[in-house]
Amino acid sequence: MRGRRRGSRSLTAALAVTAAAGVIGAGTLLVNATSGQDAAPRAPGEAGRPTATASGPAGGTTTGAGTTGGKSGTAPGDDYLVFYATGKKDEAVKAVEAAGGVPGTDNAALGYLVVRQAPKGFPEKAGENPAVVGVTANSRIGATAGAARRARSLPGGGPRYAPLLDPLPDSRPMTPTTWRAAKSGPVRLPGVASPRRVEPEPLAAKQWDMKMIGATASRSYAAAPGDKKVLVGIIDTGIDGKHPDIAPNFDRELSRNFVVDIPKDPNGETIDGPCEVESCRDPVDVDDDGHGTHVAGTVASPINGFGIAGVAPGVTLVNLRAGQDSGFFFLKPSMDALTYAGDNGIDVVNMSFYIDPWLFNCASSPGDSRAEQLEQAGILTGMQRALDYARERGVTLISAMGNGGTDLGRIVSDDTSPDFPKNAERQRKVTNACLSMPTEARGVISVSAVGPSERKAFYSDYGIEQTDVSAPGGDSSDASSNLSPAARGVLAPAPERVLRQAGKINADGTPGDDSVVRECRDGECAYFQYLEGTSMAAPHATGVAAILISRFGEEGKEGLTMDPAKVEELLYDTATELPCPTPRAVRFPDNTVQVCEGGRARNGFYGRGLVDAAKAAAVSR
């Protein structure tokens, strides 16, 4: 998940760090524009998969507020998403008009109106009507005039992630989990008449995370590649679909980008910076951040004799981009991504982010203004409705827990919100009634992170109510393993352009530091990066879910389908139980004390246990 550390700004991009890590933020603002190259999502409820056209991937009509064509010079506007109570649309329309707003598009599937030209004080006035249950900002920000491609510097002038330093030696003793994987033997591959040995990928020795859960070609055998008919949606900052260790499994036609770049915030502070394309909507095979590419590779880098292999290297990756280049995840793109997933046969989505600008959403916090309360109520309402919409249509929902080292059941303060516009954050009191979305939403499988020794990662959020399963996320402070601090991260694909802009690749193409690994074959080179965070843990669980769907999903008109409740049940049943440590109160290297509650079968550090790809490949229904 975006790093959610105390004293830092927020939580989207992974926490890819050394022990005293910093983090990134995101927002609830939304942008919606379409370009000729990448079409907008189908309206929720519109059936059928999109088809390609001569001009690019096809799609439906933009849902909600949006400028079609969205070219230069669009200034921020006073737009809102007004969520109405079930069956109360007409009353909400009257409330909007009485408050001086102009009702626009009605998204009946999720129960909200897009409101344009709203005057000052609109949220408070509209919110007086009981038919209105949330009012969330939805500013339209288009491209800058004359925008040109440019060498992007990352926010703050430097790399998002602190470097992880050394390559991973394949020398640590096998844990019970890896021993189980080594004994599991070969598994039948798609299209192969009998099980066969699969040689490890060239960088498999560096994948301690895959060894831990018995996944892919980590011990000379393919644990369970998965079926191409299984569609995994990556709701993130994008996917580098041209990366050679992504491209074989990437579906460009089905992929969508639900955001446009935001050059500056309303106060003139740089957010994404100048746009790379005229429309400010990046192509669907581009990731200007790297976070989404790393997540996608962890799920499904193919077995192709190059680089690494993902947890489920035979499934299909679909980019459902909802994150800005800068790592902000706003409400409406995230809702659009989920509704698109539900309407287009996506089987499981990975959500390694939270919805900005509020780390914790409190619908009635006394320290927040009425407009802020309504905004947070809108986030709670809108995301839950979008998640429900997707899950009811067969989408299994998996989310990262967050990187604040926080017991989510005992939160008392939040000093990172609101994180948009910049410098708006303040110290605020919060309670357990305040929720981080989508992590704490109903129907979502939330994943905590462990390091190479299977100890809970120091940064990982936790909680007996919130933690469902755990997975490898890396932990540079996990000194109980015999790896160097750098090698304790998770290795996965990285976009070359992002690494070059961050100064991590030398002029001659060699890695600029030990956080980056270069792999070359037949004159083609590509790059991989070590990162750590719950963002890295969640895709391991997503990959295991994809294996289960591959094995037990039923054939439908859009491929394999499986009831998310059954996926969840099998994911829990195949997890390896991990007990709380003794003593239960653990002082971590960052000097925080974290207390594990619960028993072996379920506890606040590990949930139902560590996800296990080898068990998922062998379990009977």
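In which loop does P418 lie? Select P418 to begin: this residue lies in the loop between β14 (413–417) and β15 (426–429). Strands here are DSSP runs of E with at least two residues, helices are runs of H or I with at least four residues, and both are numbered from the N terminus.

The model on the screen is predicted, so local features need pLDDT of at least 70 and side-chain atom pairs count only at pLDDT 80 or more, while totals for chains, interfaces and linings use all residues. Residues are numbered from 1 along each chain as its sequence is written, and side-chain values use heavy atoms, with hydrogens and water left out.

**Two cis peptide bonds**

Remain at P418 and display the backbone. The peptide bond from S417 to P418 is cis, with omega near -10 degrees. Next, select P438, which is placed in the loop between β15 and β16 (444–450). The bond that leads from M437 to P438 is also cis, and its omega is near 10 degrees. For context, most peptide bonds are trans, and most residues other than glycine have a negative phi.

**Two residues with positive phi**

Select Q117, in the loop between β7 (112–116) and α2 (122–126). Although Q117 is not a glycine, its phi is positive, at about 55 degrees. Is Q117 buried or exposed? With 62% relative accessibility, Q117 counts as exposed; the term exposed applies over 50% relative accessible area, buried under 20%, and partly exposed in between (1.4 Å probe, protein chains only).

Move on to E454, found in the loop between β16 and β17 (469–472). This residue is not a glycine either, and its phi is positive, about 75 degrees. E454 is buried, with a relative accessible area of 14%.

**A sheet of three strands**

Finally, colour β18, β20 and β19. These three strands form an open sheet in the order β18-β20-β19, with antiparallel pairing; two strands pair if DSSP finds at least two bridges between them. The edges are β18 (490–494) and β19 (516–521); each has a single partner strand, so one side of each is left without a neighbour in the sheet. Neighbouring strands are turned by 35 degrees against each other on average, direction ignored.

Focus on β18 and β20 (residues 524–531), which run antiparallel and are joined by five bridges. Select A494 to see one of its pairings: its bridge partner in β20 is Y527. Helix α5 (residues 291–300) packs on this sheet and touches β18 and β20, where contact means heavy atoms within 4.5 Å. The direction of α5 makes about 115 degrees with that of β18; axes are lines fitted to C-alpha atoms, for helices over the stretch in contact, and angles run from 0 to 180 degrees between N-to-C directions.
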